[in-house]
Amino acid sequence: MVNSTARLLSLATRKNGSLIVSSSSSSLARRSSLCLGNLSTNFTGHSNSLDSFYSTTRRWNSNYPAHEVVGMPSLSPTMEAGAIASWNLEEGQSFGAGDVLCEVETDKATVSFEAQDDGVVAKILAEAGPTEIDCGVPILITVEDEADVDAFKDYVVEAAAPAPAAAAAAAPPTPEPAPVAAAPTPPTPAPVAAAPASPVAAGGRVVASPLAWTIAKEKGLDLSTIAITGTGPEGRIIADDVKEYIPMEATAAAPAVDAVGAPAAAAVAAPSIPAPITHEHYTDYPVNEASIATANLLAHSKQTIPHYYLTVDVTLDSLIDLRSKLNANLDEESQISLNDLLIKAAAVSMKSCPSANASWMGDKVRMYNSVDMNVVMGNGDTLYAPLISAVDTRGVKSISEEIASNLADIEGGSINESFTAVGTVTFMNLGMYGVKSCAPIIRSPQAVAVALGAAENRVVPKEGDIGEGDDIYDTKVMLTATLSCDHRVVDGAVGAQWLSAFKAAVESPETLLL
């Protein structure tokens with residue numbers, strides 16, 4: 001029993017990079033059984049308790065009384081690091097099982113770290129503050145006897161390295177800081193020198209989570225030189241910021257220009273895609289950075305956003321009549337499509353139901369004043385969702401012209417900043433592919449996404465008075481609209497309200513003029 005328990009503890013401590021030193025096998029057996037008892041309880045309890053077990057190690061040393069070194073806990077499946085928002089106990093204070101030791105701030109929320117056993121706080125190894133600490137790094141020492149507290153007054157743990165050093169270890173290896181004033185031409189793709197710097201701390205260190213550093217390293221990015229805006233607490237760069245960032249490759253032959261003179265939305269050539277790699281039984285097709293960034297964003301969104309879906313059928317006859325009347329006054333090259341009118345109807349619905357035009361911010365819901373819509377267009381490696389700003393205040397003709405311009409940019413192989421920006425809602429129309437309905441993935445941090453199916457003739461019961469001998473059925477042009485909702489922001493009643501507003505706007509299109 002002792003050997004199997006010791007092996008279990010060895011596995012737990014190896015995860016946190018810690019070491020257990022025992023002064024006697026009997027002491028190990030006694031304390032190992034204690035930990036094993038806690039472990040069996042944790043398996044039937046909340047998963048956070050199990051994570052807390054893994055982040056706690058017991059140490060024995062001939063120079064110190066028996067004690068526990070508690071590591072930064074992993075309080076969620078995706079948590080890589082956290083910051084201590086506040087300590088609820090001071091050194092020398094006793095605590096019981098279930099008492100909150102401290103508040104831990106993650107990328108998404110502030111979570112209470114509860115004690116799993118009785119004890120006394122002997123030494124606090126990490127001060128409260130915005131500095132991130134990797135999961136498993138020691139933050140606290142506890143003892144069972146209050147008389148043992150004084151023995152740890154000058155206690156130092158080698159594993160409890162300062163947070164800046166831990167962040168530096170996670171950062172991509174760079175022999176020297178990248179120059180700020182000069183703009184050398186690197187052999188690999190790099191952002192334009194005119195880009196604003198990433199958020200930095202007082203010591204010149206870029207403030208980013210360890211997971212953000214890891215993802216940046218995998219993508220070949222240097223957070224100290226690229227133009228990326230952090231959306232975490234106090235402007236800290238988090239993993240989502242790196243996943244959503246798409247570097248714009250400058251033309252190799254273009255001379256360096258002053259930052260002030262460069263237009264903010266200058267179009268750049270789309271990055272080239274490597275040739276397919278053929279193997280004996282399969283072929284690998286590399287994808288561009290934009291596709292990788294989109295895939296990472298959607299995968300993260302699907303895993304972290306509680307999706308649910310609402311569907312409604314809408315009649316298009318009135319909207320088609322309005323389109324015919326509008327196009328009668330326009331030339332052939334300026335014709336308005338049915339899709340343009342549906343985009344406007346979706347924007348009007350967002351204004352009618354402002355609770356859907358919002359984002360989940362961890363401890364609050366942020367509601368936006370403007371409806372900025374990502375309209376999905378293209379396919380495969382040319383699949384983009386360019387941003388159309390302030391759709392709710394624009395006319396249908398203006399929306400149509402911008403969509404046509406975006407399509408031309410995609411066909412021409414050039415994109416601008418609007419192609420990578422994220423708005424407040426995503427709109428996609430799969431009707432051209434004959435798809436009847438679609439449940440779209442929400443783009444974080446948006447709260448809703450709307451997808452439309454194909455317009456088709458459907459036989460429906462005839463409305464109004466039906467005379468004797470009249471046909472009781474009628475034929476209408478209809479489509480199915482599906483709204484994906486983030487249940488943290490948009491509940492079922494709000495989602496139904498949005499679809500009701502969309503149905504009213506499509507079936508009574510004169511309201512689009514209001």
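**Figure 1. Surface and overall make-up of the protein.** The accessible surface of the protein comes to about 26,500 Å². Carbon and sulfur atoms hold 54% of that surface. Accessible areas come from the Shrake-Rupley method with a 1.4 Å probe, and for residues only the protein chains shown count as cover. This is a predicted model, in which local features need pLDDT of at least 70, side-chain atom pairs count only at pLDDT 80 or more, and totals for chains, interfaces and linings use all residues. Residues are numbered from 1 along each chain as its sequence is written, and side-chain values use heavy atoms, with hydrogens and water left out. The protein has eleven helices and 22 strands. Both are DSSP runs, numbered from the N terminus: helices are H or I with at least four residues, strands are E with at least two. Of the 514 residues, 40% are buried. Buried means under 20% relative accessible area, exposed means over 50%, and partly exposed lies in between (1.4 Å probe, protein chains only). Among contacts with a separation of 6 or more, 62% join residues 24 or more positions apart. Contact means heavy atoms within 4.5 Å.

**Figure 2. Helix α9 against helix α11.** Helix α9 covers residues 338–352, and helix α11 covers residues 492–507. Their axes come within 8 Å and cross at roughly 135 degrees. That angle makes α9 oblique to α11. Angles under 35 degrees count as roughly parallel, over 145 as roughly antiparallel, 65 to 115 as roughly perpendicular and the rest as oblique. Axes are lines fitted to C-alpha atoms, for helices over the stretch in contact, and angles run from 0 to 180 degrees between N-to-C directions. The crossing of α9 and α11 is right-handed. A crossing is right-handed if the near helix is turned clockwise from the far one by less than a right angle, and left-handed if anticlockwise. From α9, the contact uses L342, A345, A346, S349, M350 and S352. From α11 come Q497, W498, A501, F502, A505 and V506. By class, the contact of α9 with α11 has nine nonpolar residues, three polar and no charged. Ala, Val, Leu, Ile, Met, Phe, Trp, Tyr, Cys and Pro count as nonpolar, Asp, Glu, Lys and Arg as charged, and the others, Gly among them, as polar.

**Figure 3. Helix α8 against helix α9.** Helix α8 spans residues 317–327. It packs on α9 at an angle of about 115 degrees, with the axes 10 Å apart. The crossing of α8 and α9 is right-handed. On α8, the contact residues are L319, I320, R323 and L326. On α9, they are L338, L341 and L342. The contact of α8 with α9 divides into six nonpolar residues, no polar and one charged.

**Figure 4. Helix α9 against helix α10.** Helix α10 runs over residues 396–412. The axes of α9 and α10 come within 9 Å and cross at roughly 115 degrees. The crossing is right-handed. D340, L341, I343 and K344 in α9 meet V396, I399, S400 and I403 in α10. This contact of α9 with α10 has five nonpolar, one polar and two charged residues.

**Figure 5. The loop between β19 and β20.** R443 counts as buried, at 13% relative accessibility. Not counting residues up to four places away in sequence, R443 touches T294, L297, L298, S301, A385 and T426. The loop between β19 and β20 also holds P445. The peptide bond from S444 to P445 is cis, with omega near 10 degrees. Most peptide bonds are trans.

Figure 6. A390 has its place in the loop between β17 (387–388) and α10. Phi of A390 is positive, near 50 degrees. Most residues other than glycine have a negative phi. A390 counts as partly exposed, at 22% relative accessibility. A421 is in the loop between β18 (414–415) and β19. With a relative accessible area of 27%, A421 is partly exposed. Leaving aside its neighbours within four places in sequence, A421 is in contact with N374, A385 and L387. A421 and Y245 are 176 residues apart in sequence and 9.1 Å apart in space, C-alpha to C-alpha.
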